[in-house]
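Hi everyone, thanks for making time this morning.

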Amino acid sequence: MSEETKTTQDDVAIRENYRKAIVALNLKRPQLALELMSKVLHAQPENPHALALMAVAAMRNKEYAQAEDAIREALRLDPQSSTHHLLYGIILLAKSQPLLAQTELEKARELQPLNPWPYYFLGASYLSLKPWPDADKARPYVYKAVELDPEEARLQALLAHQASIDANLALAQQAYLRALALDPQNAAILSDYGDFLLNYQARPQQALHLLKEAVRLDPEEKTTQQRLLQAIRAAHPLYQPILSYRTVLQRLSPSLRRGFGCGAALFILVIGRLILFLIKNISDIAFTKGNPQLLSIAIVLICLGLLIIAPFGLFMIYRAVMPPLLLFLIKRGWIK
């Protein structure tokens with residue numbers, strides 16, 4: 001066999017393995033894609049496209065260190081590739097390193113400013129910050145991504161998530177419906193919309209229907225499974241007071257939500273301390289002077305304090321105990 005013929009056959013085999021790796025990823029078989037790309041890289045160790053595909057396969061297989069090594073090598077070979085910077089940013093997000101991810105995503109955006117996906121992932125990175133999403137920084141990226149490609153379902157879903165955090169529930173509802181119209185079989189969008197209906201609209205039955213469909217389409221997704229359990233729990237009558245309370249809070253902006261919690265705690269603390277102060281001083285005077293009327297006032301203040309503070313305390317106990325209890329009963333199969 002001539003050297004030219006052997007080279008041609010090797011090129012054909014490389015292209016075939018590359019094609020098979022893409023098919024394997026589409027079929028959700030990242031381990032097979034990794035094995036195929038290893039063969040390609042054995043023959044062409046400095047192929048940046050093969051390295052990038054290797055990074056995708058490793059990320060899908062949750063082997064983030066291998067994915068990062070592969071994409072860093074791809075960037076060394078092709079540092080001006082917006083696609084490689086974008087992929088590196090996505091890998092860093094998967095590794096829960098949002099600040100480093102944002103640096104790479106910004107590079108991808110600068111290299112290709114008309115590509116909506118760097119904007120999408122930049123917006124998503126700010127909205128995923130814990131414990132509080134940074135909606136103000138996310139907003140321009142989210143709206144720009146939708147402006148660049150208004151017909152992409154995932155961009156509409158991100159807009160809906162942004163709008164729900166902004167307490168713009170009408171826009172969020174509209175964007176979710178638009179996203180599902182564009183891609184009605186997208187399990188992630190069905191799951192997010194079910195979560196929105198549950199936590200922002202207090203509609204557990206409709207959420208339950210959507211989340212069951214999302215689980216059917218993607219039975220391995222842990223987040224959707226947890227949301228389904230939450231929807232089953234929320235549909236139970238014993239959970240309705242908690243659901244109504246959560247829905248009211250979710251409809252507030254993040255700053256108002258934090259202020260409401262702090263304000264309620266401060267109110268209870270101040271009222272409690274004030275009533276205790278009055279009871280103590282009035283009781284001391286009543287016992288010192290032997291005045292039964294002052295003693296009666298102290299008793300009335302005690303009853304008033306209980307009327308003000310006890311319902312709040314009982315609700316907090318109910319809110320702490322009922323969710324895990326209902327989840328336990330659901331997992332045991334006693335509530336379906």
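Let's start with Arg-139 and Asp-166, whose side chains meet in a salt bridge (2.9 Å, N to O). By salt bridge I mean a side-chain nitrogen of Lys or Arg within 4 Å of a carboxyl oxygen of Asp or Glu. This pair links distant parts of the chain, 27 residues apart: Arg-139 sits in helix H8, and Asp-166 in the loop between helix H9 (153-165) and helix H10 (169-182). Helices here are DSSP runs (H or I, at least four residues), numbered from the N terminus.

Before going on, a word on where this comes from: it is a predicted model, in which local features need pLDDT of at least 70 and side-chain atom pairs count only at pLDDT 80 or more, while totals for chains, interfaces and linings use all residues. Residues are numbered from 1 along each chain as its sequence is written, and side-chain values use heavy atoms, leaving out hydrogens and water.

Back to Arg-139, which also forms a salt bridge with Asp-136 (3.2 Å, N to O). These two are three residues apart in helix H8 (residues 135-148), so about one helical turn separates them. How exposed are they? Arg-139 is partly exposed, at 27% relative accessible area, whereas Asp-136 is exposed, at 56%. The cut-offs are under 20% for buried, over 50% for exposed and partly exposed in between, with a 1.4 Å probe and protein chains only.

Next, Arg-227 pairs with Asp-195, with 3.8 Å between the closest N and O atoms. Arg-227 counts as buried at 15% relative accessibility, and so does Asp-195 at 18%. Over the whole structure, the search finds 14 salt bridges.

Now for the nonpolar side. Which residues touch the most other members of the largest nonpolar core? They are Ile-71, Leu-87 and Phe-196, out of 87 residues. Such a core is a set of buried Ala, Val, Leu, Ile, Met, Phe, Trp, Tyr and Cys residues joined through side-chain atoms within 4.5 Å. Helix H3 (residues 48-60) gives the most to this core, with ten residues. There is also a second, separate core of five residues, including Ile-271 and Leu-301.

Finally, Leu-325 lies in helix H16 (residues 292-331) and is partly exposed, at 38% relative accessible area.
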